[in-house]
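This report looks at charged side chains and how they pair with one another. Please keep the sequence and the model in view while reading.

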Amino acid sequence: TVAIKPRPAAMGEWTHARQGPERPNTGDDLLLGPPRQLRWIDGPRRSTYHQGAPTAAVSAGGRFFCIANGAMPFMAVPPQVRLEARDAFNGLLLWSKPLQGKIPDAGTLVASADRVYAVLSGDGPAVCLDAASGEVVRTYEGTRPTELMLAAGLLMLVEGGGVRALDTSSGAIMWSAKAEGRVAAEAHRVPLFSAGRGTGHRAGFGIDRDVEPAVDRLAVREP
């Protein structure tokens, strides 16, 4: 017999680098308070570059996902960067995937209850992984995103001065739009906000979720 303690309804999630696609940098967790104890601790105690925190970290569906360098803390030791999934409540390692080449940007790791979207190599495409097993479900060939966002059933890839929105179920391109600087999106609707680099101005523009896809094509490969 397996007994599973229900997840508290007041407990929030941190699905993007800045909490959500809106980039609020604040969560909706109602149970947070001043820290009184450690729940669990694991991983390297020191870092080669004096940065003990993971390169990227998100949490969804009771799982904690992070990109971290697990190599010994010596400059002469090659990095061993991996995408890891752990049980958020006890720290148990669920699965691990090696990353190749340059470490991806922190914003290229996002998660939902059953899926993880990431870039597994510095110049590689975005991929969709099963959150429970780590198996690659879908590869978005030809993409080089610098940031990923999940909103309104869409996976949005920020790359090359624009945004492409893909249906999370089929991988089909729903629309694309030009955008400069940082991009944010509302979690349950699709309005986007683009902040121009160095201008201090923020422009908003709305896009219908079901707009006809743009002319450019994206090859989606499924195993």
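A residue is called buried when its relative accessible area is under 20%, exposed when that area is over 50%, and partly exposed in between, with a 1.4 Å probe and protein chains only. The model is predicted, so local features need pLDDT of at least 70 and side-chain atom pairs count only at pLDDT 80 or more, while totals for chains, interfaces and linings use all residues. Residues are numbered from 1 along each chain as its sequence is written, and side-chain values use heavy atoms, with hydrogens and water left out.

E84 lies in strand β3, which spans residues 81–87; helices (H or I, at least four residues) and strands (E, at least two) are DSSP runs, numbered from the N terminus. Leaving aside residues up to four places away in sequence, E84 touches F64, F65, C66, L93, W95 and S96, where contact means heavy atoms within 4.5 Å.

A search of the whole structure finds 6 salt bridges, a salt bridge being a side-chain nitrogen of Lys or Arg within 4 Å of a carboxyl oxygen of Asp or Glu. Among them are the pairs listed here.

| Salt bridge | N to O distance |
|---|---|
| R23 and E147 | 2.6 Å |
| R86 and E84 | 3.3 Å |
| R164 and E159 | 2.5 Å |

In the pair R164 and E159, whose side chains meet in a salt bridge, R164 counts as buried because its relative accessible area is 12%, and E159 counts as buried because its relative accessibility is 14%. Elsewhere, salt bridges that share partners join D42, E84 and R86 into one network.

The salt bridge between R23 and E147 links distant parts of the chain, since R23 lies in the segment before β1 (56–60) and E147 in strand β9 (residues 147–151), 124 residues apart. E147 counts as buried because its relative accessibility is 18%.

Is K178 buried or exposed? K178, found in strand β12 (residues 173–178), counts as exposed because its relative accessibility is 77%. K178 and E159 are 19 residues apart in sequence and 9.6 Å apart in space, C-alpha to C-alpha.
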